[in-house]
Amino acid sequence: PSSMAPPSSSSSSLGSSSSFYASSAIAGASAGIAEHVAMFPLDTIKTRMQAGSGSQAASSGSQGGSQGGSQGGGGERRGGPSPGTGIKATPAAAPVVTLGGLPPSTKQQTTCTSSLASTVPLSNRGTNLGGVCPKVTQQAVTRNNMAAAFAKGKHGGSIMSLYRGVVPVAAAAGPVHAIYFATYEGAKDKLIGREGDPAQAPLRVALAGASATLAADFTMNPVDVVKQRMQLCDSPYKSAFECLRCVVRTEGIGALWRSYPLTAATNVPFTCVYFTAYETAKAFLGGGDDGPVEQCVAGGVAGGLAAAATTPLDVVKTRMQTFAEEVPKPSLAISATTSSSISTTSTSASASPPSLSSSAALRLILREDGARGLLRGLMPRVLFHVPAAAISWTTYETCKSAMEGSP
């Protein structure tokens with residue numbers, strides 16, 4: 001229940017307000033953890049379907065690599081997005097070290113730091129055209145098929161692989177959702193009042209929801225970047241910390257917030273639809289006396305509607321956040337051999353990290369798949385948000401009600 005009796009004095013009002021916001025924050029934290037952990041596998045499948053395949057880059061890169069190996073023996077691999085896409089691609093002049101002159105197809109490539117102790121044949125890297133961080137090979141079928149998104153890649157076919165990246169999300173979900181729900185309840189309290197009917201003021205509910213997501217998203221955006229890179233089919237990262245360190249070292253700390261404007265542009269309309277639909281559906285189902293069943297159903301309806309309405313923006317956001325995993329970046333390529341001779345074929349200063357603007361990401365998606373590309377991952381996204389919202393709202397309302405009703 002959202003209504004409370006008016007306090008009889010200023011001191012009781014202050015105590016009541018403090019208790020109200022505390023219960024909202026604690027209930028929100030519980031709801032956020034329950035929601036994200038329970039539904040994380042579907043979020044992983046959604047991310048794999050929305051991320052780029054990089055097949056074009058792989059094709060052009062492998063051609064360039066083979067030519068470089070046959071002509072100069074240096075094994076320098078070049079390739080990348082075609083001109084006119086708005087993509088800031090990294091120059092391919094990178095230091096390459098060859099031991100023993102083995103052909104490029106047999107070389108082993110190190111990851112962004114030697115401590116990662118991970119090597120993968122260049123021929124198996126897909127879009128890893130000399131990249132500092134290991135890259136991801138995704139086939140087109142992965143983007144259009146939930147079963148393929150589950151089974152594809154070195155992490156595919158395992159239930160545990162669907163939980164890669166869950167640790168930072170679970171750790172951040174509590175405090176972030178505490179901010180989220182406390183801000184929502186506070187804004188709703190100011191705009192409508194605790195005894196007001198949210199179902200009769202949808203625009204004010206939408207504004208309260210927008211305030212909540214803007215307050216929480218800035219904190220959550222870096223976690224989302226790391227989570228999505230961990231979720232990819234062939235993600236090479238062994239831990240979230242390793243992924244975070246690699247992103248910051250090779251792309252700069254700004255990469256963790258590069259997609260924040262689009263994240264806000266996605267989540268503001270999402271929460272406007274989400275909170276408005278929830279309050280309206282709850283009032284319709286419960287008639288002012290809602291219980292766990294009404295809250296669960298209303299939450300599921302709200303989550304499904306909001307997820308479907310904002311899928312195109314979410315596709316663009318995911319492409320921005322994972323793009324660095326599919327374009328060439330300078331690196332050190334080392335062949336596996338017993339020879340001790342070392343020859344350096346190219347030396348270059350560090351190049352700027354690859355990045356993708358929201359408009360360039362949109363053009364890239366439309367070029368690859370047309371308008372239907374903006375609906376990639378629609379099914380798992382909706383399937384994620386329907387039960388996730390039901391779990392979240394039921395947990396939230398139950399915890400909040402129990403705390404407000406306790407002495």
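Trainee: What should I know about the model before I start?

Mentor: It is predicted: local features need pLDDT of at least 70, side-chain atom pairs count only at pLDDT 80 or more, and totals for chains, interfaces and linings use all residues. Residues are numbered from 1 along each chain as its sequence is written, and side-chain values use heavy atoms, with hydrogens and water left out.

Trainee: How many helices and strands does the protein have?

Mentor: There are 12 helices and 7 strands. Both are DSSP runs, numbered from the N terminus: helices are H or I with at least four residues, strands are E with at least two.

Trainee: How much of it is buried?

Mentor: Of the 407 residues, 52% are buried. Buried means under 20% relative accessible area, exposed means over 50%, and partly exposed is in between (1.4 Å probe, protein chains only).

Trainee: And what does the accessible surface come to?

Mentor: About 16600 Å², with 64% of that belonging to carbon and sulfur atoms. The areas come from the Shrake-Rupley method with a 1.4 Å probe; for residues, only the protein chains shown count as cover.

Trainee: What share of contacts joins residues at least 24 apart?

Mentor: 80%, among contacts between residues at least 6 apart in sequence. A contact here means heavy atoms within 4.5 Å.

Trainee: Switching to rings. How many aromatic pairs are there?

Mentor: The structure holds 15. Rings of Phe, Tyr and Trp (its six-membered ring) pair if their centres lie within 6.5 Å; planes under 30 degrees apart are stacked, over 60 edge-to-face, and the rest tilted.

Trainee: Which kind of pair do Tyr180 and Phe275 make?

Mentor: A tilted one, because the planes are at 40 degrees; the ring centres are 5.6 Å apart. Tyr180 lies in helix H5 (residues 166–191) and Phe275 in helix H8 (residues 260–286), so the pair ties together parts 95 residues apart in sequence.

Trainee: Buried or exposed, those two?

Mentor: Tyr180 counts as buried at 12% relative accessibility. Phe275 is buried too, at 0%.

Trainee: What about Tyr274 and Phe275?

Mentor: Their planes are at 65 degrees, so that pair is edge-to-face, with centres 5.3 Å apart. Tyr274 and Phe275 are both buried.

Trainee: Now charges. How many salt bridges?

Mentor: A search of the whole structure finds 17. Each is a side-chain nitrogen of Lys or Arg within 4 Å of a carboxyl oxygen of Asp or Glu.

Trainee: Where do Asp43 and Lys227 sit?

Mentor: Their side chains meet in a salt bridge, 2.7 Å from N to O. Asp43 is in helix H1 (residues 10–50) and Lys227 in helix H6 (residues 202–231), 184 residues apart, and the pair links these distant parts of the chain. Both Asp43 and Lys227 are buried.

Trainee: How far apart in the helix are Glu185 and Lys188?

Mentor: They are 3 residues apart in H5, about one turn. Glu185 and Lys188 are both buried.

Trainee: What does the Glu251 and Arg229 pair tie together?

Mentor: Glu251 lies in helix H7 (residues 240–251) and Arg229 in helix H6, so the pair ties together parts 22 residues apart in sequence. The salt bridge is 2.5 Å, N to O. Both Glu251 and Arg229 are buried.

Trainee: Which residues do shared partners join into a network?

Mentor: Asp43, Lys46, Asp224, Lys227, Asp314, Lys317 and Arg381.

Trainee: Why call H10 largely enclosed?

Mentor: Because 10 of its 12 residues are buried. Lys317, Arg319 and Met320 are among them.

Trainee: How many disulfides?

Mentor: The structure holds 0, a disulfide being a pair of cysteine sulfur atoms within 2.5 Å. Cys233 is buried at 0% relative accessible area, while Cys296 is partly exposed at 35%.

Trainee: Last one. Where is Val293?

Mentor: In helix H9 (residues 292–309). Val293 is exposed, at 60%. Its C-alpha is 8.1 Å from that of Thr394, 101 residues apart along the chain.
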